[in-house]
Each structure stands twice: as C-alpha cells, then as structure tokens.
Amino acid sequence: MSYLKFEKALMTNLQESLRREVLRTSRSGAYSASTVVDCNTRKYHGLYVVPIPSIDNENHVLLSSLDASVIQHGAEFNLGLHLYQGGVFSPNGHKYIREFNCEKVPTTIYRVGGVVLRKEVIFQAYNDRVLIRYTIDDAHSPVTLRLRPYLAFRRVDELTHENYQAMRDYKTVSGGIKTTMYHNYPQLFMQISKKNEFVFEPNWYKGIEYYKERDRGYDCVEDLYVPGYFEIQCKKGDEIVFTASLDECKPSTLKKLFQNEVEVRKPRDNFYNSLVAAAHQFHYRDNGEQYLLAGYPWFKVRARDTFISLPGLTLAINEPEHFRVVMETAMKGIYDFMLGKPLSVKIYEIEQPDVLLWAVWAVQQYAKVQGIEEANKLYGKIVSDILQYIDGGKHINIQLMSNGLLHTEGREKPMSWMNSVANGKPVVPRTGYLVEVNALWYNALKFAEEFAALNNDEKNVAFLQKKAELAKESFQKLFITEAGYLLDYVEDGIYDPNVRPNMIFAVAVDYSPLETPQQKTVIDFCTRELLTPKGLRTLSPKSGGYNPMYVGQQTVRDYAYHSGTAWPWLGGFYMESLLKVYKRTRLSFVHRQMVGFEDEMMYHATGTISELFDGNPPFHGRGAMAFAMNVAEILRTISQIDKYENY
C-alpha cells in the first residue's frame, strides 16, 4: 500500500485536492509541478518548466498542461481540469479519478465507463525531459486517446495572453511534432511512443485563473495556446509514453526510458524515505558545478541556505560524497568573495555577515560525521582563511570590535536571514551585534582551535583561545537579559526586547557561549513562547507586532514573514538544543515533534516541506512548495534521534 495515497473522496473534493501539490525535478533546476488533480493553481505550475539560458537566468513554462481525453463509442470524456475566471472549473475531469498515489512516480487512475486509464508522470533526473506513461488497464472495446497540449512559452513569474506575435508553425518529427511560439525560444519536441496523428486545430483558451496568485495580490489570469491534439488508437493493455523535451528522441526508446527512470527511484513508502527523495530534489548542476537550490519554485542558489542545508541534505542521509562536491563549488565562491574577484559560480548573497560562519559550521558537521582528521585535510585551510579574513577586518559587512564580537550595519539593508523588505527598508532592522552571528563566531573560533591543536600549532591555539574567551565574556554581558532570554540584537545600547528564535543558535552550536543553566533558560523561553508543531515562531505572541498569518498581498505578507510565522528549520536547531542539553530524557518529546512534520507529507507539496507555516493553528503551510533548509533540518534531527537512541 502506498504511503502517499489519496482515494476518490479526497480527489473529487476540490477544496481538499487543490491544496495538495506535486513536484518533480531534474538536476538542472527544471521541474514539473501542479496539484494532485492536475489543475494549475500557481503561475509557477507547469508540466514542463525549464531554464532557457539563451534568454535569462529564470525558469520558463513551455508546456503548461496536457489534457487527456478518452473517446469510446464516439463519446469524448475529457480528463483535464482548469479554473477559469468567475470560479468556473472545466472540463471537470477530476470526477473520473479513482486514486492518486506518489510512491515512486505520481500516478493517477481514472475510470470512464468500462475504461480504466493509469497515468504516470516522471521527470528525468539528469535530462530536461518530462515523460508521461498512459496505460489502458481495462477496456471492453477499442479506445481513442486524445492528448491536447496547452502551451505558455513564458517566464515563470509572468503570464501570457493571446497575441499576434505567437507563431503557429510546427513541423512533424518522428512520433510527433516540434514547435515554438516565439523566435527567441527553442523548439519544443512533443513525441509519442505509439503511432499517432496530430490534428492541427489552433485555439487560445482564455481566462485561465491561478487562484494562489490572486490570493497573493498578483495578476492571476492568462490565456494558453493549444496548437491541436494528438490521437492514438488503443486497446486494453496498451502502454503509450508521451514526452516533452528540447531534444528530439527516438519514440521506440520511450517505453524503456520511462521504465529505467522508475527503477532507479526509491519508493516514498514512509516518512524518512519521502524526505530523502525530497532532499535529492534540491541538488542542482550547472556547467560542471554542483549546488543546492534553496527551494522550489522560485528560489535560486543562496549561500546561507546552502551551508545550513548541506549537512542535512547529505551527511544525515549517508551521502558524504555529495557534501564534498557541493562544498567544492561553494569554496570557489568563498575564495572569489574573499579575494575581491567576480564570482565564478552561481551562488547569491555570499556577502551576508553570517554566511562564512555558516560555512565553518557546515565543515564542523562534516568533522563530526567523517572525522576531524579528514575534515582538517579537506577544509582546514579554508576555515583558517575565513577566520583570518574576518579577524583582519576585510569583510565588507562585518567588523570585529574591541570587545571581541562582530558588528554589522543592518538599518538600510537586511543583514541576516530575516530579510523581508517593505518600502525599501528592512521589516526587522536587525543591526549592530546580532545574537546568532556572534554565537556562530564563538563556535567558529573554538572549532578552528580544534584544527590548530590537531596540527600542533600551539601559537595559533593560544591566539584562538584568547579570542574565544573575550567573545564569550562579551556575549554573556551583552545578550543575556535579567529574565534569562537573549536579546536578538543590540546597537549602541539600544536593543530589541522582543523574544525571537535566533537565540536558539547560541545553544545549538557545538561550542556555546552560554553556561548550561543559561542554555536551559533559553530553551525554556523558546518552548513557552515560540514552539509550534511546525517549528519555532519568528516572534513571540507576547511581543508587539505579532502577525502569525502569512496571507494577503505582498506588502502584508512581507510584514508577517518574520513576525510570528513558524519555520521548521528553526525547530531543527531547537530540537538539537534539547538533545544536547537534556540528552535522552527529551527523546520522546522530540519524537512527538516529528509527528507534526510527518503530517505535512500529505499536505501542500506531497512528500516535501513548505517554506513556512502560520504561527497559529491550524498552522497552514505557506510560501514555496519545497524549502531546502526545512527538509535538511528535519533529516538532521532524525539522524540525531538515531544517535541518542543508539548511544
């Protein structure tokens, strides 16, 4: 029985089924995404969404959807589903769905009279090709299968409308056609494994609405171009494979190609295996370099997200080789930045104050799993170079002060992961001494001390010890309040008194600048005021400006983004803190927290974790369909549970 399975009652209930999305990706950042009933609800949805480097650095929706119709005894039953302006759904093909499951590949079973049709969708991992296998599981008489492609040929963040510039030309290729809508776009090849006929019947389908864009205050209506349809004569037992790609293929190879892709995929038959499959979706290759995407569908490769995600997406699932190849690319970016060179790799926001410290933290996690000697051999130099770079005052966004702590200017531009902006200014103007930046700084100094000791560099050991002692003393004086929680940031004696989750990093890091009683008090505050089943809130409900609902237009959401919403990756560091301080006595509690995330396998983007959640019940998932740091930290928590259970 499939773990990710939905029965007819849910699939035919659009209020429930439209909330559930399906995401499949390639290693180039291309993807296929929609809802479980194949009704696109975002402009980012599409059956074939790929990067077009010759145009820009964005993904483009080429093939928005593919409607299948079953024709028997002269009657046509369209299995597609679209939402049009005015709340009109057509052609209501979801009413024929009997089951949907996602164990290996998204599979939908339709029943139309005496015909049972199984549809399976797959996106090749190492080639930008989407494949759909239609199988006639049952039919009492011959069947005609009609496939109608809806074309967009636009950027993911735009919409298309009927226009006279769109080209209608197409050329026949083996098993199908190739076509493009505009001169600057490549040809889209649509081919089928079985003999078929393409009927040229060009039409614009107008007024298709994406309600998630409407709810977010964006333009939400577009027109899609349908050049015609493919017709295939079928009988019971037939398998027909459709493909869309930028490259032509041999139709005779499609069946084997589809089956080969299925066989290399591991089943999503439980919570852990679903997360592992989700982890693989963030891996991204470009020009021989290896990256981690921050999320889908709109995120790119961000430096902070890369280093925070890297241990969970690789080491926690026993894939250290993937850690090394991603870190190899990231190190090029780090050295480019520190040497003042243009970046030779596609990593964004590497100049942020905490990024280099998160890189050291990631190496530290590698050392714990693969051994300090190997970590020193591979990454000892870059850790030393990073600390010398910061200590030497060369970083453009942080300054080492006489009190041993790091200072940053964040009033005009966001300088932390809390980076939402409204009216050109940071919504949360975290400036001066930031609590997590300085916790990471102390941790980095102590970790570098380990490397120095391993290398018998006594002079450097003494130097780092002195630096760390000063930083620890200043940290405790500056951030600890009389109530016991930590200030979020302090600037020239002015501080933010609100309870925020960034203080948890001062407990979670391996070398905490806090004593054990102080760590326990921080955990207590996080438990009482910030903890939800979906992670830690970004602001305590007791604080002014608490806004836990990430809904509405862009500006409204910007103000809510870090003002009460809950983030699972923060919860990962919270649970690490619990296990670190209380050991096995809190294992059962951490297990219970995991239940809140397992529920998410069935909601939002099935089998993965959304970007963020409302801070109040029922804690709806919001934002991006899949977020790397969330998946990574849940996997890392699971690995820590295993460690303590087997301790």
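This is a predicted model: local features need pLDDT of at least 70, side-chain atom pairs count only at pLDDT 80 or more; totals for chains, interfaces and linings use all residues.
Figure 1. A disulfide would need the two sulfur atoms within 2.5 Å. Cys249 has a relative accessible area of 14%, so this residue counts as buried.

**Figure 2. Cys39 and the sulfur of Cys220.** Here we turn to another cysteine. From the sulfur of Cys39 to the closest cysteine sulfur, in Cys220, the distance is 13 Å, again too far for a bond. Cys39 is buried because its relative accessibility is 1%. How many disulfides does the rule count? The count comes to 0.

Figure 3. Take a step back and you will find 17 helices and 35 strands in the protein. Of the contacts between residues at least 6 apart in sequence, 66% join residues at least 24 apart. Buried residues account for 63% of the 647 residues.

**Figure 4. Overall dimensions of the protein.** Along the principal axes, the C-alpha atoms fill a box of roughly 85 × 50 × 45 Å. Why does the radius of gyration agree with that of a compact globule? For 647 residues such a globule would have a value near 26 Å, and the protein has 26 Å.

**Figure 5. Surface and charge.** The accessible surface comes to about 24700 Å², and carbon and sulfur atoms hold 49% of this area. As for charge, the protein carries 74 positive and 76 negative side chains. The centres of these two sets lie 3 Å apart.

How values were computed
Residues are numbered from 1 along each chain as its sequence is written. Side-chain values use heavy atoms; hydrogens and water are left out. Helices (H or I, at least four residues) and strands (E, at least two) are DSSP runs, numbered from the N terminus. The radius of gyration is taken over C-alpha atoms; the globule rule is 2.2 Å times the number of residues to the power 0.38. Buried means under 20% relative accessible area, exposed over 50%, partly exposed in between (1.4 Å probe, protein chains only). Contact means heavy atoms within 4.5 Å. Accessible areas come from the Shrake-Rupley method with a 1.4 Å probe; for residues, only the protein chains shown count as cover. Lys and Arg count as positive and Asp and Glu as negative; His and the chain ends are not counted. The place of a charge is taken as NZ of Lys, CZ of Arg, CG of Asp or CD of Glu.
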